[in-house]
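Subject: Structure handover

Hello,

Here is the structure I promised you. Please open it first, then read my notes below.

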Amino acid sequence: MAEFKKAESTLEWFDQRLGVTNLYKVMMSEYWIPKKINFLWAMGVILVMLFKILLISGIFLLMYYKPDVNLAFDSVNYTIMQEVGYGWLMRHIHAVGASVVFLVIYIHMFTGIYYGSYKKGREMIWISGMLLFVLFSAEGFSGYMLPWGQMSYWAAYVITEIFGGIPFIGDELVVWIRGNFYVSDATLTRFFMLHVLLIPLAILGAIAFHFYALRFPHVNNEDGEFFDFDEEAEKYLAGNKKESKVVPFWPVFLSKDFMVLGFFMIFFFYLVFYHYSFAMDAINFDKADGLKTPAHIYPEWYFLWSYEVLRGFFFDIAGISGKDLGLIAFAIANGIFLVFPWLDRSPLVKPANQRPYFKYWFWLLIADLIVLTIYGKLPPTGVNAWVGFFSSMTFLILFALLPVITKMEAKKVGGE
Ligand code: HEM
């Protein structure tokens, strides 16, 4: 064991044992962030905050929630909403938080796409981000089941049924996931375990991994400029703060983030107190009934775009059934963002508005995703079905074109 001399201060005492000054430097005061970034770079910190809010409100809900098909619905809608002091507030915070977190994830993700933050050495940041997206999706889906309302039951039924489309093992897989031949008590209890334990643990690990992946390639900036971080940090430490292209994570970057976070929290609590109903489907206030299918089954708003891709193929093409085509398109839609860094063939790291072809591609994709989201909630009949088909096709075509147009772009303007 190392030799210890008597500490002169409390800080020194901790320093000798935990190296806190060094840790503070590495993680905060000498962790360098580019100066030229805007409010969109605050989304990551907002996401951390939302995760904390969900965790804390979830712990309070957990004290009264009962994971049992006979008790779950009443434990939420009667006990928590009416009997427990401020139980309604915890539920509204949790439901609004679960919905808004996806809005912020999408903004964060598309900021990355717009500025090319997934390229040239930043691939692991992107992949760890996608892992977080998958985990949050699983967390949202499993949580939606817990109140055991009509939408909880039927969304669980439809989504688990999708796995039946996987060749050879599909049918057995559905039974394995549900823990029964139909959505039942065993399904509820296993999704409860996933929602309150396994997935949150995995999210914590994935956030740590995402942050670690940011350390070496560093955060991107508004111009996509590459510079030597060590050199710029030296300038900053030497007092040349104006000339330096970086600022320390703490106190400079975080204090600016906290301002954006402050505005966000006002918006968040405005939704919690005045518009919470958007985060709770009216049909889910009817208790789950396996014998009564609701007229329209749809997932939460953040899954609507991929749900519409699944439904978009409503007729057979070239001998392949519409159902199978929908499943294939759905699988592509869910996996394609993971390989984004390899689909974009241009090494140019620039914001989309400075990229001659990509800028059209980017805004077309956003428009298409909005159309898919809107039509994902409407009944898939008549004109709606055709809009669904064409917007699903547009989605697939856009991704098929991405390597082509980015390669052409690279030829036109060159790399770097
Ligand atoms: C849901 C949990 C997430 C948390 C807590 C989180 C947190 C963060 C933080 C704090 C940053 C650094 C500052 C910033 O750019 O905001 C960051 C950067 C980044 N994140 Fe996430 N993120 C999450 C999800 C995602 C997702 C779903 C993606 C997309 C696949 C993603 C992709 C990225 C990229 C590409 C960067 C680098 C941005 C740059 O270099 O400019 N993240 N994230």
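Two residues are in contact if their C-beta atoms, placed from the backbone, lie within 7 Å. Among contacts between residues at least 6 apart in sequence, 75% join residues at least 24 apart.

Some ground rules. This is a predicted model, where local features need pLDDT of at least 70, side-chain atom pairs count only at pLDDT 80 or more, and totals for chains, interfaces and linings use all residues. Residues are numbered from 1 along each chain as its sequence is written.

Overall shape

The protein has 16 helices and two strands. These are DSSP runs, numbered from the N terminus: helices are H or I with at least four residues, strands are E with at least two. The C-alpha trace spans about 70 × 60 × 45 Å along its principal axes. The radius of gyration, taken over C-alpha atoms, is compared with a globule rule of 2.2 Å times the number of residues to the power 0.38. For 416 residues a compact globule would be near 22 Å, and the protein's 24 Å agrees with that.

Two domains

Domain 1 covers 40-297 and domain 2 covers 304-416. The bounds come from an automatic or database domain assignment. Their C-alpha centres lie 23 Å apart. In the interface, 16 residues of domain 1 are in contact with 13 residues of domain 2. Helix 6 gives the most to the domain 1 side, with four residues.

The ligand

How many residues surround the ligand? There are 25, and the closest are Gly-44, Leu-47, Gly-112, Gly-129 and Asn-220. The largest share, seven residues, comes from helix 6. By class, the shell has 17 nonpolar, seven polar and one charged residues. Ala, Val, Leu, Ile, Met, Phe, Trp, Tyr, Cys and Pro count as nonpolar, Asp, Glu, Lys and Arg as charged, and the others, Gly among them, as polar.

Buried parts

A residue is buried if 20 or more other C-beta atoms lie within 10 Å of its own, exposed if 12 or fewer, and partly exposed in between. Of the 416 residues, 30% count as buried. A nonpolar core is a set of buried Ala, Val, Leu, Ile, Met, Phe, Trp, Tyr and Cys residues joined through C-beta atoms within 7 Å. The largest has 58 residues, and Val-101 and Trp-148 have the most contacts inside it. Helix 5 supplies the largest share of this core, nine residues. A second, separate core has 14 residues, including Tyr-307 and Tyr-375.

Look at helix 12 (304-312) too. Eight of its nine residues are buried. They pack against helix 13 (322-335), helix 15 (358-376) and helix 16 (382-413).

Most residues other than glycine have a negative phi, and most peptide bonds are trans. Trp-148 has a positive phi of about 55°. Trp-148 sits in the loop between helix 6 and helix 7 (150-162). It counts as buried because it has 25 C-beta neighbours inside 10 Å. His-218 also has a positive phi, near 70°. With 18 C-beta neighbours inside 10 Å, His-218 counts as partly exposed. Finally, a cis peptide bond joins Trp-250 and Pro-251, with omega about 5°. Pro-251 is in helix 11 (249-274).

Best wishes

Terms used: A residue is near a molecule or strand if its C-beta atom, placed from the backbone, lies within 6 Å of it.
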